[in-house]
Number of protein chains: 2
Amino acid sequence: MSEVQADLMDAPSRRARSGGRAARVALREAAPTADRKPVWAGLPGGQFNPLQQSDLLAIHRAALDLLGTVGIGEATPELIQLAATHGCRLNAHGRLTFPPSLVEDLLTKAAREYVIYSRDPAHADLHVGGNRVHYATSGEAVSVLDIEARRYRPSKLVDVYDTARVVDALPNIHQYGQMVVPTEIVDLVQADINVAYAILAGTTKPMEHALTAADALPPILELYGMIAGSVDKFRERPFVSFGGCPIVSPLRFAADSLDVLIATAREGLICDIAVAPQAGATAPTYLAGALVQVVAETLACLCVVNMVRPGTPMSFAAWPFSVDLRTGAFSGGSAEVAVMMAAIAQIGRFYDVPTTVASSMTDAKMPDAQMGYEKGITALAAGLAGANRVLESAGMMASLMGVSFEALVIDNDMLGMAQRVIRGIEVTEETLSVEAIKAAVLGEGHYLGSSDTLKSMETEFVYPAQADRNSAAVWAAAGSLTMEEKARQVAKGLLDGHFPNPISAALDAQIRDRFPILLTPDQMRPRG
Amino acid sequence: MSEVQADLMDAPSRRARSGGRAARVALREAAPTADRKPVWAGLPGGQFNPLQQSDLLAIHRAALDLLGTVGIGEATPELIQLAATHGCRLNAHGRLTFPPSLVEDLLTKAAREYVIYSRDPAHADLHVGGNRVHYATSGEAVSVLDIEARRYRPSKLVDVYDTARVVDALPNIHQYGQMVVPTEIVDLVQADINVAYAILAGTTKPMEHALTAADALPPILELYGMIAGSVDKFRERPFVSFGGCPIVSPLRFAADSLDVLIATAREGLICDIAVAPQAGATAPTYLAGALVQVVAETLACLCVVNMVRPGTPMSFAAWPFSVDLRTGAFSGGSAEVAVMMAAIAQIGRFYDVPTTVASSMTDAKMPDAQMGYEKGITALAAGLAGANRVLESAGMMASLMGVSFEALVIDNDMLGMAQRVIRGIEVTEETLSVEAIKAAVLGEGHYLGSSDTLKSMETEFVYPAQADRNSAAVWAAAGSLTMEEKARQVAKGLLDGHFPNPISAALDAQIRDRFPILLTPDQMRPRG
């Protein structure tokens with residue numbers, strides 16, 4: 001054994017056993033409190049800057065060039081009419097072009113931040129903007145991993161509810177965004193209403209879901225009003241951001257989703273879009289070019305909402321994905337996605353608009369080592385770059401096609417680790433510890449049980465819930481489990497037992513009276 | 001299915017099948033060449049800076065305070081005598097103190113960079129310094145994972161050779177540093193010689209190993225001279241860095257390793273030390289305080305080598321680890337280690353000295369999701385921060401107590417991903433792709449098979465060797481394997497078949513004639 005290892009192993013066991021015990025007792029006795037956490041929602045990112053200032057300007061100018069020349073195709077008549085009053089024109093190809101001066105003018109009017117509220121003070125409100133970093137689920141996958149069978153089954157409405165309940169119990173995931181679609185519901189408005197209800201019933205965390213039809217907005221607002229007490233109260237403290245995909249890359253509008261975006265903006269609600277071209281297929285292979293295109297596409301959406309209603313809260317949600325050009329397969333867990341999403345966070349700070357990115361994804365099918373490193377690398381890159389909300393950041397598998405309950409449990413530990421790195425190192429006279437070091441060197445010869453250790457051990461260190469840090473012997477005695485096997489147990493426990501039930505019985509009856517709610521009381525009760 | 005997903009899935013299959021095929025054909029036909037790689041040794045880091053400039057100055061001043069007052073304990077008579085001629089004094093506690101002006105003076109004389117050469121142009125030389133990032137193994141673990149039995153067995157000499165062979169085949173690991181100790185060899189000098197031989201026989205990559213005894217240096221130099229042609233030729237193009245752990249934290253010298261350090265410095269060889277206190281146990285719990293202590297300890301080593309021989313190449317190898325204060329267990333894969341090691345990279349650039357850090361470690365026992373994210377997060381943080389050599393970066397398991405061949409295979413893919421993120425995004429008129437975007441928008445409507453795609457698909461994208469990016473259906477048809485299961489197959493293939501045999505038979509006979517080499521010819525032949 002090397003001297004490092006001898007030193008590593010001997011320090012706690014040989015030199016300082018009593019100090020260690022004191023420290024452990026202190027840790028057990030000190031109840032965690034809100035102001036004594038090692039990580040929290042809204043940690044400051046932005047320490048990682050992949051682009052130079054000159055790069056930011058070059059990308060901005062190139063995006064303005066595109067918007068002013070080729071513009072965006074397939075604008076709806078409603079948008080063309082509105083945009084014309086702001087100086088936009090259709091070019092010879094019938095595509096809607098945006099003058100550079102208009103884009104820059106609307107950027108000055110754009111919302112700098114927005115708040116997505118929690119329905120319970122136990123969870124944090126999300127103050128989205130600046131350099132504050134939050135992690136959220138999202139994804140609208142179509143399948144769920146059956147981990148024992150190693151296969152993906154179609155997702156159902158109950159999976160929306162179940163994933164919301166599991167996320168409710170995982171502290172390092174700050175928002176529940178819709179993870180799966182109810183594949184069994186055909187009617188779009190009915191699906192939207194039932195998804196909203198399933199999330200509301202599963203968690204009080206800030207939430208997100210995509211509207212598939214503009215027609216769903218009035219009933220959905222009514223539902224949120226019932227939860228909040230009134231629609232006005234909901235507008236005062238909105239607890240939902242509204243997803244959508246108004247762009248088909250390269251540089252075309254998607255009519256239905258554009259309608260939803262305009263309707264949401266008109267209501268002043270939080271427009272939580274995603275613009276998702278794929279470098280190599282629907283965006284250039286050069287990463288810089290993919291950024292130019294996605295920035296142009298996202299600026300077009302920003303122009304739309306600010307023409308509809310200046311200052312409308314909108315996520316600058318440029319999500320440059322990539323394909324694997326060996327096969328044409330979409331890749332969510334690639335290095336290229338990681339660095340492009342980090343660049344987007346930086347571009348969002350350049351524009352001073354709130355960003356969402358999609359990171360912490362994986363192309364793996366099982367919650368294995370590939371999943372671990374693909375998610376770890378992409379989650380850290382996005383957070384360090386200061387993305388305000390990192391979506392798709394937990395539970396997503398298989399290039400966004402599936403969800404795993406086990407992955408949610410694992411990702412919660414991973415996100416806690418990433419968040420601690422993002423938090424960084426506070427340097428003060430106290431934390432520099434010069435006098436404490438002198439005292440230790442001339443005294444005990446270690447720091448276990450020292451007053452500074454007892455004071456800071458809860459706030460300096462993240463203690464993972466599931467990750468194994470035992471010796472190989474202790475690990476073997478506990479059954480030699482992998483992270484996946486531990487996560488199965490934890491996920492099953494949460495699925496069977498964690499029912500926050502945030503909707504009162506009386507209100508639930510009113511909601512079910514008013515809307516065709518499909519989630520059954522049986523699905524909402526503890527199991528096993 | 002959401003519109004994002006429809007867009008993601010349809011683009012290659014529906015809109016652009018022929019383009020995708022052309023691209024794939026082009027990729028297969030274009031043989032990779034040295035100047036057309038997506039990642040390489042020495043990528044530029046430093047885009048991530050966890051500390052403010054004022055933090056760097058505060059940590060530096062606090063470290064100087066420690067060195068000038070409590071100093072370092074247990075200096076050897078040889079060092080005390082040498083240091084006295086430079087103005088160092090023993091304080092009232094018999095501890096060697098270093099005047100701040102001396103430390104700053106010796107910092108001006110320190111080597112700014114060094115080169116560890118490859119013995120074969122197929123592998124890169126490591127130009128260590130500046131903001132150039134390399135990844136290396138190291139660790140000197142005492143056990144090896146038997147993955148089928150889920151247990152760790154004691155490591156042997158043949159494991160040094162076998163890990164070197166496997167690393168030889170993995171392109172994203174740039175240096176082989178000694179991963180395991182031969183637990184069956186009792187004599188230290190014999191162990192050192194046999195470890196050196198086992199590495200030399202296993203790979204031509206730049207190498208590192210720790211000397212456990214200063215007495216081993218003369219015969220080891222003779223061995224390297226035989227490999228290089230002469231000792232002078234070895235000195236001209238050294239292909240080895242010499243590890244050691246000259247500090248026992250907090251702030252004491254380790255006599256044997258200090259002797260090795262002084263002997264290595266006297267020879268002008270690359271001093272590749274590791275200073276490894278643990279925050280919470282042998283260093284303060286406050287991360288800033290742990291940095292202050294480890295910087296003081298490492299500066300003391302830098303003073304030693306530069307007093308022995310100014311400009312001696314030395315790694316500024318401050319390795320702040322942490323313990324889990326719930327149990328006292330050492331943690332290598334923690335968030336606190338990730339952010340502290342990143343800070344060390346930044347501090348090394350502040351001093352303009354070559355850094356090594358220990359990152360990409362894990363506390364997991366199996367190559368599972370925990371391993372994946374702990375390694376991914378720590379490997380990326382260290383590289384983005386610009387650490388010149390990231391040691392312990394592949395294959396290490398169980399808080400540095402064990403090695404896994406399967407993990408080496410997985411980590412190679414992980415490191416390729418991390419390196420692609422570190423490389424960043426090149427912004428030029430060509431890569432901004434404005435004209436290419438206009439052409440695609442008004443033409444094909446996609447980029448598959450475009451001239452820019454064919455030109456850049458090999459250089460912009462990293463294609464992982466093992467990571468799965470297939471659809472769930474293709475993955476299921478191929479056996480629904482996890483990354484661990486795939487890595488087992490690949491590791492077994494390399495262990496059975498990859499024998500680079502870089503020592504000629506004639507030279508091997510001479511070496512075996514001169515030294516008591518224990519690795520047998522049987523162990524050095526293809527198996528199975």
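1. Ala274(B) counts as buried because it has 28 C-beta neighbours inside 10 Å. Buried here means 20 or more other C-beta atoms within 10 Å of the residue's own, exposed means 12 or fewer, and partly exposed lies in between, with C-beta atoms placed from the backbone. Ala274(B) sits in the loop between strand S14 (271-273) and strand S15 (278-279) of chain B. Helices (H or I, at least four residues) and strands (E, at least two) are DSSP runs, numbered from the N terminus. From Ala274(B) to Arg36(B) the distance is 238 residues in sequence and 35 Å in space, C-alpha to C-alpha.

2. A word on the model and its numbering. This is a predicted model, in which local features need pLDDT of at least 70 and side-chain atom pairs count only at pLDDT 80 or more, while totals for chains, interfaces and linings use all residues. Residues are numbered from 1 along each chain as its sequence is written, and chains are lettered from A and ligands numbered from 1 in the order in which they are written.

3. How are the two chains related?

4. Next, the interface. The contact takes 138 residues from chain B and 138 residues from chain A. Two residues are in contact if their C-beta atoms, placed from the backbone, lie within 7 Å. On the side of chain B that touches chain A, helix H13 (residues 369-384) of chain B gives the largest share, eleven residues. That side divides into 82 nonpolar, 33 polar and 23 charged residues. Nonpolar covers Ala, Val, Leu, Ile, Met, Phe, Trp, Tyr, Cys and Pro; charged covers Asp, Glu, Lys and Arg; the others, Gly among them, are polar. The copies meet through the same surface, because 100% of the interface residues of chain B are also interface residues in chain A.

5. Helix H16 (residues 434-442) of chain B has buried residues Val434(B), Ala436(B), Ile437(B), Ala440(B) and Val441(B). Those residues lie on the same side of H16(B), because they cover an arc of only 160° around the axis. The arc is that of the directions from the helix axis to the C-beta atoms.

6. Which residues touch the most other members of the largest nonpolar core? Of its 377 residues, they are Val292(A), Met341(A), Ala381(A), Val292(B), Met341(B) and Ala381(B). Such a core is a set of buried Ala, Val, Leu, Ile, Met, Phe, Trp, Tyr and Cys residues joined through C-beta atoms within 7 Å. Leaving aside neighbours within four places in sequence, the contacts of Val292(B) include Leu432(A), Ser433(A), Val434(A) and Ile437(A). On chain B, Val292(B) is in contact with residues including Ile59(B) and Leu66(B).

7. Now a sheet of chain A. Four strands form an open sheet in the order S8-S7-S21-S20 (chain A), with mixed pairing. Strands pair if DSSP finds at least two bridges between them. Strand S8 (151-154) and strand S20 (396-397) of chain A stand at the edges with a single partner strand each, so one side of each has no neighbour in the sheet. Strand S7 (residues 143-146) and strand S21 (residues 402-403) of chain A run parallel, joined by two bridges. Ser143(A) stands opposite Gly402(A).

8. In chain B, strand S7 (residues 143-146) and strand S8 (residues 151-154) pair in the antiparallel sense over four bridges. Ser143(B) has Pro154(B) as its bridge partner. Four residues lie between the strands of this hairpin, and Arg150(B) takes a positive phi near 50°.

9. Some backbone details deserve a look. A cis peptide bond joins Ser249(A) and Pro250(A), with omega about 0°. Ser249(B) and Pro250(B) are also joined by a cis peptide bond, with omega about -5°. Ser360(A) is not a glycine, yet has a positive phi of about 70°. Ser360(A) counts as buried, with 34 C-beta neighbours inside 10 Å.
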